[in-house]
Amino acid sequence: MRNFFVRLHHRTRWSWQGLVATYREEYSFRVWVWANLVSATLAFWLPIGSSARTLILVLGLMVLVSELFNTAIERAVDHTSTDHSKLAGQAKDAASAAVALTAVSAGIAWALAIIQLI
């Protein structure tokens, strides 16, 4: 059991290090963090239903998760080679598209929540 808690401690520390490093070094991640803070504040301030609020909050977190994956893929590709590669470009573009689609999903959730207010 002690081994479990030691490993949990290490994993938690490494995860935190990844979050902090990404926040410090990736402008787009910082923008999404602040957008999520504004979004969460509005989600709690506006009189929207709990289901819509939950969806907005979860999709906001998913945008951050997809941005973390995007950053990881970009770093891994850039570390592997600085040469231009069609496949590397496609991998980076696909990761970026994942962020965009997740953000669109969050935007749709917001649009539906606002429509219900009208």
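Which residues are exposed on the other side of H2? In this predicted model, they are Tyr27, Trp34, Thr41 and Trp45. The buried residues of H2 are Phe29, Val33, Asn36, Ser39 and Ala43. Looking down the helix axis, these buried residues stay within an arc of 130°, so they line one face of H2. Their cover includes H1, helix H3 (50–80) and helix H4 (86–117).

Now for the neighbours, starting with H1. Helix H1 takes up residues 2–25 and H2 residues 27–45; the two pack at an angle of about 105°, and their axes lie 5 Å apart. Angles of 65 to 115 degrees count as roughly perpendicular, and H1 and H2 are therefore roughly perpendicular to each other. On the H1 side the contact involves Leu19, Thr22, Tyr23, Arg24 and Glu25, which meet Tyr27, Phe29, Arg30, Val33 and Trp34 of H2. Sorted by type, the residues of this contact are six nonpolar, one polar and three charged.

H3 is another story. The axes of H2 and H3 cross at roughly 175° and come within 10 Å; the two helices are therefore roughly antiparallel to each other. From H2, Ser28, Phe29, Trp32, Val33, Asn36, Ser39, Ala40, Ala43 and Phe44 take part, meeting H3 residues that include Arg53, Ile56, Leu57, Gly60 and Leu61. The contact of H2 with H3 splits into 12 nonpolar, four polar and two charged residues.

Key. Residues are numbered from 1 along each chain as its sequence is written. This is a predicted model: local features need pLDDT of at least 70, side-chain atom pairs count only at pLDDT 80 or more; totals for chains, interfaces and linings use all residues. Side-chain values use heavy atoms; hydrogens and water are left out. Axes are lines fitted to C-alpha atoms, for helices over the stretch in contact, and angles run from 0 to 180 degrees between N-to-C directions. Helices (H or I, at least four residues) and strands (E, at least two) are DSSP runs, numbered from the N terminus. Angles under 35 degrees count as roughly parallel, over 145 as roughly antiparallel, 65 to 115 as roughly perpendicular and the rest as oblique. Contact means heavy atoms within 4.5 Å. Ala, Val, Leu, Ile, Met, Phe, Trp, Tyr, Cys and Pro count as nonpolar, Asp, Glu, Lys and Arg as charged, and the others, Gly among them, as polar. Buried means under 20% relative accessible area, exposed over 50%, partly exposed in between (1.4 Å probe, protein chains only). The arc is that of the directions from the helix axis to the C-beta atoms.
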